[in-house]
Amino acid sequence: MLDLIFRETCPACDSPVDKKERLCGECHSGIALIGNLSSCALCGIPFGFYKDGEDGEGSGREGHLCGRCLTESFSFSKARSVALYDGKLIEIIYEFKYRGKLGHGGFLSGLLADNMPYDAGKLDVVVPVPIHIKKLRSREYNQSAVLAINLARSIGVRHDLFGLRKIKDTRPQFEIEKEAERRRNVKGAFSVADARIFSGKSVLVADDVFTTGSTSDECARVLLKAGASGVSVLTVARARWT
Ligand SMILES: [Zn+2]
Ligand SMILES: [Zn+2]
């Protein structure tokens, strides 16, 4: 009886699994890890990911930059994502974000920690992409903060949930198609209350999905302005946006 009650289930399909917060074999095979795919040295986009080839398909060699990073500049020094925003992962992230399935946070944070691409010893603090107080009230939690806390604990780095704040209640980025407009939407949306918090610190920004990178890049810009020595970005998933 106890066995039935405490049986662990797959976060994606609820079928029984052996280990807590792990996907069943079928769901796991539905997640496309970016891992060793050849990808841009800066923004981490896997080569050949965009259908129009703008990411420099065919130039996928170690240390290469994608077409976008050759022409645009980012404030973050590096961005990496664990998996493609595809299949099962879309469902899991949606439920985590909008359906109150906080339990999925453990699994998603585990994905981040298990596939951590940076040297944790060189990081000082992990921060989430903050949400505006109005959104926090209606949604009750910031999914990005859940990821940042769990990841920071797993890799033994400090986290800071309040140092970086969202001061503008912006339109959701997913409603906006054009990159220039996405950038405008988040421009000036974040602020650092006390610059001493990040002065000289190497900061990791954790989030669920990286689409164009304009949100995490604006966070990076503000953190650098507040004196951070460097900002890198880690997200669970990488989405297509073209
Ligand atoms: Zn499953
Ligand atoms: Zn790139």
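In which sense, left-handed or right-handed, does α4 pass α5? I looked, and α4 passes α5 in a left-handed crossing. Left-handed means that the near helix is turned anticlockwise from the far one by less than a right angle; clockwise would be right-handed.

I noted the basis. This is a predicted model, where local features need pLDDT of at least 70, side-chain atom pairs count only at pLDDT 80 or more, and totals for chains, interfaces and linings use all residues. Residues are numbered from 1 along each chain as its sequence is written, while chains are lettered from A and ligands numbered from 1 in the order in which they are written. Helices (H or I, at least four residues) and strands (E, at least two) are DSSP runs, numbered from the N terminus.

Next, I checked the angle. The axes of α4 (residues 87-98) and α5 (residues 104-114) cross at roughly 125° and come within 9 Å. Axes are lines fitted to C-alpha atoms, for helices over the stretch in contact, and angles run from 0 to 180 degrees between N-to-C directions.

Then I turned to the sheet. I found 5 strands in an open sheet, ordered β1-β7-β6-β2-β3, with parallel pairing. Strands pair if DSSP finds at least two bridges between them. β1 (78-84) and β3 (158-159) are at the edges with a single partner strand each, so one side of each has no neighbour in the sheet.

I followed one pair. β6 (residues 202-210) and β7 (residues 230-238) pair in the parallel sense over 8 bridges. Ser202 stands opposite Gly230 in β7.

Last, I placed α5: α5 lies across β1, β6 and β7, at about 125° to β7.

Key. Two residues are in contact if their C-beta atoms, placed from the backbone, lie within 7 Å.
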